[in-house]
Amino acid sequence: MEDVAIKVENLFASYRKNTVLSDVNLAVESGSLTGIVGPNGAGKSTLLKSMLNLHPSLTGSVAFFGQPFKKMKKKIGYVPQRGSVDWDFPTDALDVVTMGLYGHIGWLKRPSRFHKEKAYQALEKMGMKDYAKRQISQLSGGQQQRVFLARALVQDAELYFMDEPLAGVDAATEHAIMTTLKELKTLGKTVMVVHHDLQTVAEYFDHVLLLNQTVIEHGPTNQTFTKDNISRTYGGNMRWMREEDHDVVPSIKQ
Amino acid sequence: MWSHLLSSNTQWVLASTMVLGIAAGTVGCLAYWKRQSLMSDALAHAALPGVVIAFLLLGEKNLFVLITGASISALIGAYFIEWVRSSTRITEDTAMGMVLSIFYGLGIMLLTIANRTAGGNQSGLDSFIFGQAASMVQSDVLTMFILALLVIFIVGVGFKEWKIYLFDPSFAKGAGLSIKGMNGLYTAILVTTIVIGIQAVGVILIAALLIIPPVSALYWTHAFRWMVCLSAIFGGLAGVLGTAISALGSGWPTGPFIVIVGSCLFILSLIFGKERGLLITFLQFKRQKQLIDNNKDLSHYRTKGVK
Ligand SMILES: Nc1ncnc2c1ncn2[C@@H]1O[C@H](COP(=O)(O)OP(=O)(O)O)[C@@H](O)[C@H]1O
Ligand SMILES: [Mg+2]
């Protein structure tokens, strides 16, 4: 049995009167790259936020390497949905990436040249070094996403949670981001990514978590990401998946 | 007339309204990026009943006691807005409108009563409506000066914390910053800035000192650090110049002059601002157009599709 990096038991969460997550139980293998898949409003973002104490859970427990969130928060990197911040805020790309180092710098202290250099390197890794001093409102959606990813990279975390990092980005950015995620996996980090494109799930992720209010199925992609499970997650309405032309998920054809 | 400006009491008053303007310009930037500019207006109006009640209880005008009363009633207003927002279906701006008018109405009513009681007329409580910097005595000036410096210090020392708190609070929380703590501190310095300013600027206009400098600063810079610095400078200038002008006439209220100076700075920024100013936008547009116009004649040869 492999190490368990994340263990969630009996988690419930709601917004006002709507229960959004009910009885979520999962154990995520250490060093895995997991895609979280489910229809709009399935509670994928809420699951990430509840695990990271950003949204109050009604009940349930979440442990990271057997520890509560409070003890592990320095080891956790979170890339929120791009729309969750105000990109008009007056700052540049380098500055946003430097925010990823605030935990290391310490509160009330100023970032040193060393920290700026580290942030710069992370930007360079994401192919963004020419944009370091660019106002963030003047970056394209894909570039903003790269900045967010660079900010998570400098955190040097063990666990990463990313909410739709590939939403609305061009092919080059998608490739850059996926290369980075696979690199993180090679380094032994555990990564969970909310993903919306069913066509690429099998190619990108070694594990998949099918979610709709609760965990429908969770496990290695080749066993879990079956037509049957997908249709259970999406409520059987899959006509939009171009089934007639060719199989959506060739690797799992049985 | 000018000799009056040079008297040492006036100089102290000028210095203190300048520091007040700097504090308001600084805190105003936080309020702007919390998208709560209007909140400061609601809280300023909500402070009025507290001022009058504190006066009625104490029977004399002591700025420290009055601003304590003002703070309490502004905080009740803030709490009420938050409560309405989170537990009813009324939206936040409606809640702010309600608090603003209800508390202000209550304040004016109490003020009428206070003015009827003995000594009330001489209390100078009316100056809390439009502001009367000249009515401040030395201890008032000192109270205002010290609290304004404290507010500036709190923003300055935790500058990077404020920045991440405003830009991405959920990320800040993940990095270990207490968002609840920051919210509390933010409300505390916002209310402090408002209540120390109400004697000099008045409850009706103090919010302008928090709103106008930050938007003016945005016409000059794209960096948060410079936005705060410029906003502080604009606020400080508005404070000191407005007070100086109002001191030229006897019994002129201070608030309106401070706001007018602030508005002039805003109009200058709007026109000449180097980032988004009207002039620079126009010139840039014209230059781009010229570049394209120079090339226009050739476009015929490059047209694809139907010739
Ligand atoms: N701030 C909010 N207030 C009220 N309801 C919300 C809020 N955020 C999300 N919800 C609701 O919770 C459900 C799950 O949302 P979310 O976790 O964002 O789904 P997903 O990320 O899977 O698309 C949706 O039905 C959504 O309408
Ligand atoms: Mg989502």
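Into which classes do the residues in the lining of the largest cavity fall? I found seven nonpolar, four polar and one charged.

**Conventions.** This is a predicted model, in which local features need pLDDT of at least 70, side-chain atom pairs count only at pLDDT 80 or more, and totals for chains, interfaces and linings use all residues. Residues are numbered from 1 along each chain as its sequence is written, chains are lettered from A and ligands numbered from 1 in the order in which they are written, and side-chain values use heavy atoms, with hydrogens and water left out.

**Cavities.** I worked on a 1 Å grid over the protein atoms alone: a cavity is a set of points where a 1.4 Å probe fits but cannot get out, a pocket is an open set with protein on both sides within 12 Å along at least five of seven lines, and lining residues have an atom within 4 Å of a point. Grid points are joined across faces, edges and corners, and a volume is the space filled by probe spheres set on the points. I counted two cavities of 30 Å³ or more.

The largest cavity has a volume of about 90 Å³. Its lining draws on both chains, including A:Leu52, A:Phe69, A:Tyr78, B:Phe171 and B:Ala175. Strand E5 (76–79) of chain A and H9 of chain B are the elements that give two or more residues to this lining. I took helices (H or I, at least four residues) and strands (E, at least two) as DSSP runs, numbered from the N terminus.

The second largest cavity holds about 30 Å³ of space. Among the residues lining it are B:Leu209, B:Ile212, B:Pro213 and B:Val259. H11(B) gives the most to this lining, with four residues. Here I found seven nonpolar, one polar and no charged residues.

I put the largest pocket at about 930 Å³. Of its 27 lining residues, A:Asn53, A:Leu54, A:His55, B:Lys173 and B:Ile179 are the closest to the centre. The lining has nine nonpolar, nine polar and nine charged residues.

The second largest pocket comes to about 720 Å³. Of its 33 lining residues, the closest to the centre are A:Asp95, A:Arg110, B:Phe159, B:Lys163 and B:Arg225. H12(B) gives the most to this lining, six residues.

**Helix pair in chain B.** Which residues of H7(B) meet H8(B)? I listed B:Ile154, B:Val155, B:Gly156 and B:Val157, which meet B:Phe159, B:Glu161 and B:Trp162; contact means heavy atoms within 4.5 Å. The two axes come within 4 Å and cross at roughly 75°, so H7(B) is roughly perpendicular to H8(B). In these terms, angles under 35 degrees count as roughly parallel, over 145 as roughly antiparallel, 65 to 115 as roughly perpendicular and the rest as oblique. Axes are lines fitted to C-alpha atoms, for helices over the stretch in contact, and angles run from 0 to 180 degrees between N-to-C directions.

**Sheet in chain A.** I traced an open sheet of three strands, in the order E2-E1-E4 (chain A), with antiparallel pairing. Two strands pair if DSSP finds at least two bridges between them. The edge strands are E2 (18–29) and E4 (59–64) of chain A. The twist averages 15° from one strand to the next. E1(A) and E2(A) pair over eight bridges.

Technical notes: Nonpolar A, V, L, I, M, F, W, Y, C, P; charged D, E, K, R; others polar.
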